[in-house]
Every structure is written in C-alpha cells, then in structure tokens.
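Thank you all for coming; I would like to walk through one model this morning, starting with a space inside it and then moving to a bond and some strands. Please have a look at it first.

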Amino acid sequence: MFSASSGSATPSGTTGAPPGRGIRRPATALLLSGLVAATALVGAGPAAADEPGRHHGGAAAVLDGLKTFDSAVLRVEGKNGAPDRTQQIPAGLFEMTVDGGGKLKTYCIDLHNPTQDQAKYLETPWAETSLNSNRDAGKIRWILQHSYPRVDDLAALAEAAGTGPLTERTAAAGTQVAIWRYSDDADVTASDKQAEKLADWLHRRARAVKEPRPSLTLEPAAVSGRSGERLGPVTVRTDADQVSVAPPADASAGGVRITDEKGAPVTDAEDGDRLYFDVAKDTPDGTASLGVQATTSVPVGRAFAGAGRTQTQILAGSSESTVSARATATWAETGAAPALTARKNCAEGGVDVTAANRGDEPYTFELAGAEHTVAAGETRTVTVPVAEDQAYDVTITGPAGFSHTFTGVLDCATSGSVLEEEGAGNGIGTRSAQRSVPATTGSGTSGLEGDLAATGGSSATSMVAAVAIGLLVVGGGAVFLLRRKQPHTDGE
C-alpha cells in the first residue's frame, strides 16, 4: 500500500511565512510487501473501489457475471517434454451494471486471470492494461465491431462468415475465441463447429483499428496556482453531446467558481471546452474539485480494468450509461504550488507520480532515497516500480483537505503459464466453470453451466483475511518515501 500525510514544517524558501501559507509538500509511504500481497489476496472492497481520484473518468461498473456463452477448448503446450494439456472452458459475453444507470456487455481479454464476484470495473485506457504492448489490440476492436452483439442479425452474420446457423450463445463463443487468439495468443477452439467457423473467419479478416476515445475524461486531472487567479484549463474530452458541470462541493471551496476562460460561470460543457477554477483573491490556501457527468453510449472497444485483481474486459456493447470524471485544483498565496496526479505506467512496470509546480518556488520531494526538485513552472514525473499483479494504493495529501488517491492492481500482462495439476488450482480464469449462474441467455447447444466470475467471495474469505493480517505483520519489503524534505534534518 502507498499511504500519505502532509508535512508540517515551513517549506524551504518561505521562512517566517504565517501558518497555512504555502503548499506543504505531500508525504507518501510505499509499502510493497506483505500488505501488498494481502490486498491482492483479499481483493478490493467497496470502500477502496469508491475512493475519489483513482479513476481517469468514464464509466464505472460492477460485474454481474457471464451471461451468454458456450464452451471452448484451451490447449496449453507442455513444458520439459510433458504432453500438451487441454481444458474445457466457457466462452462468451459478460454483463456489467453501470454506477448511476446503464448496462455493459464485455468480452474477456485476460484469459489466464480469474474474475472476482461482483468486481468493480473502471473504464481504462489501453496503455494501462494488457493491451499496452499488444500489436494486435486494434484487431480485437475490429472483431468487436463486426460480430455479436454489435451485429445482432445472426442470420446475416452467419451468411457473411459462411458458418451455418448461429445462436446468441454460439455467436458469443466464436467471438470470444477469436478475441482470445489476439489478446492472449491462446491456442483455443470453439466446441461448436459453427462457432469455430465464426472464430476462424473473424481471426482471418481482422484489421487494425485505432483505440476509441474515452466516453468522458478531464485533462489534466489536477491543476494548481495562486488565489486571485483562474486555474486551468481543464479540457473536457467526451463522446457525449453535452456534459453537466458540478461546482466544487468541498468545504474548503468558498470563493471558488467554475468558469470559462473569460470568467463566465459554466454549468454544462461539450467536447473540447476548457474549464477553469476561478479562485477569489484572499481565498485561504486550499483545494477544490469539480465533477462532470453525462449519459451516453460508451464506445465499443474501451477497456475495463478491475479495481482489484480480476480479469480485464473489453466493451462489446453499451446501453445509454452514466459516465463521469473529476478534476482538482490546489492553490496557495506564496511558495510552491504542486498539482499532483498518479497513473499506471505499464510500459515501465509501475505507477507514475507527477508533480506540476505552478508556484514561484522550487518544489522538492524525496522518493526511494533520492531527492527530486521541480522548479517553478516545471513538471516532473517519477515512476514507482510495482510488480505485476501487485495491488497498490497511492494517497497524496496536502493542506486544507487536499487528497488524491489512486488504487488498483498493476495488471499489465497476460499470463501464458501452463495448466497446473488438478486440485492445485490453475492460472486459467475459467477454472470455476462448473458453478451454475442465473440469468443465462441464448439457446446454445452446450450443456455447460458456468460463471467466469465465480471465484470471488466465498466462505474462505475470513481465512484469507487472517492470512493477510499475518502477511502484514511479518511481511518484509521495501518502504519508499515520497515526502517533504525537512531543511537541515536527516533520517526522514
């Protein structure tokens, strides 16, 4: 876990400043040890999933389970002379319920990871998922655009693909199999011959298509500056026709308005509009946030990553759904004025902590034993290494209630590990496929009943929690500090 607290000493260069003046440099402690392992075991709870600041924007949803599916056969090459092994797995469409209203249909792009029951999912850029280094990511989107459920005329789909009759189940299974061949480089075959023909047709015809735009986001997610100024801009990026703009509701936000660049109040906005935090002169140093919200159809091909360790998904269809985003502003009368953000960096295997200093003095912090200084008007990013599949929690705090939180699991790669021995568990996300699931739809010919999402809560949760506590007590590991550098003081 990464945690944080604000410093209390006077920032360097502001000696004699009255209490509360100047931005206190945030302190962030990074514990990558037993607690990280414990979080990965237990999974993210509702409180963690709902923490503000951890989402770039867009849709947030809860996994309802695998709903429309048939069966497939996964073949894994044996190692060290061992024979190849196969496993029958369910393949098809998941459904999610969107926070605030709406439904999503998704396919798996992370075959070897299990899902968690009722897992929380967030709309996520490809660069922060296992698609980050996948040259075939665009082909997956092409498959989504040219198959079920985007193409819901199954007779037309069957004729185009030359498959013979398709049902909802077999169409979903064939589509999922084709996706797995590109997302996981998997040797997987649909059990139904029509579904297999569809998978082959989609796999052969797929062409690269660029990543879709976010349904809604604000860029950047944090700004800073001086009281008496308009802080920003924060640019709206959305596919929605219009978004509503909620003014700051923070207790510290007295004297703060959301305006356009001319200072006119803003209550709604469109794609490309630039928003500002208009901070009245003499407003006490502090922080405020704005929220934007819209109802729109989330673009097909958007990735959805779990708040905890759970199988990454990609969007195949969306009803009109609620999407939202937030941005924060921090201001100070004198001294450094950093805007702080954090996000996954799959290319480097870690979390980027970015400080943009809009003050008139340098901003200095220490991370992993190294000192970093951000000059006035400059921006600097420090990447904190995080192991694959490790859970993390970044909370950066400052004066007057400023807080930015970023939590999740670094799930940047798919696993190609071999199937483990029966009874020992395996790396396949479909290992719980013998449990029945309600609300299954379609008329597939397979008798398979299952739910890829059945590996979440269980009666073993209390035992896992106990193990997690033990790991927290005895777990060793590196502790990194991102914190305020005390003048003339050692050992912080």
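This is a predicted model: local features need pLDDT of at least 70, side-chain atom pairs count only at pLDDT 80 or more; totals for chains, interfaces and linings use all residues.

I begin with the second largest cavity, which is lined by E128, T129, A305, G306, G308, R309, T310, T312, K344, V409 and D411. Residues are numbered from 1 along each chain as its sequence is written, and side-chain values use heavy atoms, with hydrogens and water left out.

By a cavity I mean, on a 1 Å grid over the protein atoms alone, a set of points where a 1.4 Å probe fits but cannot get out, and lining residues have an atom within 4 Å of a point. The volume of the second largest cavity is about 70 Å³, where volume is the space filled by probe spheres set on points joined across faces, edges and corners. A search of the whole structure finds four cavities of 30 Å³ or more.

Which cysteines are joined by a disulfide? C346 is joined to C412, with an S to S distance of 2.0 Å, the term being used for a pair of cysteine sulfur atoms within 2.5 Å. The pair links distant parts of the chain, 66 residues apart, with C346 in the loop between β19 and β20 and C412 in the loop between β25 and α7; helices (H or I, at least four residues) and strands (E, at least two) are DSSP runs, numbered from the N terminus. The torsion about the S-S bond of C346 and C412 is about -70°, so this disulfide is left-handed. Both C346 and C412 are buried, that is, under 20% relative accessible area with a 1.4 Å probe and protein chains only.

Finally, strand β18, residues 320–331, is mostly covered, since nine of its 12 residues are buried. Strand β15 pairs with β18 in the antiparallel sense over 12 bridges, pairing here requiring that DSSP finds at least two bridges between two strands, and A294 has V323 in β18 as its bridge partner. Strand β9 pairs with β18 in the parallel sense over four bridges, with V223 opposite A329.

Terms used
On a 1 Å grid over the protein atoms alone, a cavity is a set of points where a 1.4 Å probe fits but cannot get out, and a pocket is an open set with protein on both sides within 12 Å along at least five of seven lines; lining residues have an atom within 4 Å of a point. Buried means under 20% relative accessible area, exposed over 50%, partly exposed in between (1.4 Å probe, protein chains only).
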